[in-house]
Amino acid sequence: MVPRLTHATLDNPEVARYRARVCAGLSGDVLEIGFGSGLNLAHLPDPVRSVTAVEPSDLAWEMAQHAVAASRVPVTRGGLEAESLAQPDDRVDAVLVTFSLCTVRDPAAVLSEARRVLRPAGRLHFLEHGLSPDEGVRRWQHRLNSLQGRVAGGCHLTRSAPALVESAGFELTEVEHWYVPGPAVSRPWGYLSLGVAQPRPA
Ligand SMILES: C[S@@+](CC[C@H](N)C(=O)[O-])C[C@H]1O[C@@H](n2cnc3c(N)ncnc32)[C@H](O)[C@@H]1O
């Protein structure tokens, strides 16, 4: 049920424009965390050589099969929960994560694993909704957070992707924030962050 709901929510032309932006600049072997129904595949630029999908939901993976079959880039399912990745250190050129750091059980562990499997010159590309800087919106995000978790498969409204990425040992090289266009009531769900980050040298 939840994969169908998230697919329906996230498969629209507005979000597709954001997907094209977060995928710009990806190249080589990409690991995608929270692959979902494969909605980013159509936006991968030509220099991407392969995608390893990390996705725990069999239903989401099944729903992705149409996009996987249509993809120019070979896609393999390379794991379930991104808190513990099977890939060796320094293996991938890029990690892509969209609308999933809100949902994973332990975002710090996921980002630490992302940093471990990235090559030193690799990049993390992220597009996430999260904690707003506006006090009134934040108040609602805290109030609605546990209900959101129950109806949306563990999704949190109160996580800040850029802060989590920096705490996990990355340096942000690009970051932008905006509200998805819509009525003010949608703002607790609509504060987005799009960024690119590089591993900080140890
Ligand atoms: C809101 S959906 C986003 C799907 C897709 N990234 C997109 O942008 O359409 C969140 C996805 O994260 C997956 N997920 C949940 N926990 C996860 C974990 N621990 N590791 C990897 N993926 C996880 C869910 O199964 C779901 O497919």
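Predicted model: local features only at pLDDT ≥ 70, side-chain atom pairs only at ≥ 80, totals over all residues.
Residues are numbered from 1 along each chain as its sequence is written.

Coloured by secondary structure, the protein shows eight helices and seven strands, where helices (H or I, at least four residues) and strands (E, at least two) are DSSP runs numbered from the N terminus. Of the 202 residues, 38% count as buried, meaning that 20 or more other C-beta atoms lie within 10 Å of the residue's own, with 12 or fewer for exposed, partly exposed in between, and C-beta atoms placed from the backbone.

Next, select the seven strands, which form an open sheet of mixed pairing in the order 3-2-1-4-5-7-6; two strands pair if DSSP finds at least two bridges between them. Strand 3 (75-79) and strand 6 (170-179) stand at the edges, each with a single partner strand, so one side of each is left without a neighbour in the sheet. From one strand to the next the twist averages 20°, with axes being lines fitted to C-alpha atoms, for helices over the stretch in contact, and angles running from 0 to 180 degrees between N-to-C directions.

Now move to strand 2 (residues 48-54), where five of the seven residues are buried. Strand 2 pairs with strand 1 in the parallel sense over six bridges, and glycine 28 stands opposite valine 48 in strand 2. With strand 3, strand 2 pairs in the parallel sense over four bridges, and the bridge partner of valine 51 in strand 3 is valine 75.

Select strand 4 (residues 92-98) and strand 5 (residues 118-129) together, a parallel pair held over six bridges. Helix 2 (residues 13-23) packs on the sheet, touching strand 4, strand 5 and strand 7 (191-199), and its direction makes about 165° with that of strand 5; two residues are in contact if their C-beta atoms, placed from the backbone, lie within 7 Å. Helix 5 (residues 107-117) also packs on the sheet, touching strand 1 (28-33), strand 4, strand 5, strand 6 and strand 7, with its direction at about 145° to that of strand 5. The buried residues of helix 5 include Leu111 and Ala114, and what covers its buried residues includes helix 7 (161-167).

Which residues does valine 95 touch, not counting those up to four places away in sequence? They are Leu31, Ile33, Ala114, Leu118 and Leu124. Valine 95 lies in strand 4, stands opposite leucine 124 in strand 5, and is buried, with 28 other C-beta atoms within 10 Å.

Finally, show the ligand with the 21 residues around it, of which Gly34, Gly36, Ser57, Ala82 and Thr98 come nearest; a residue is near a molecule if its C-beta atom, placed from the backbone, lies within 6 Å of it. The largest share of this shell, three residues, comes from helix 1 (residues 2-10).
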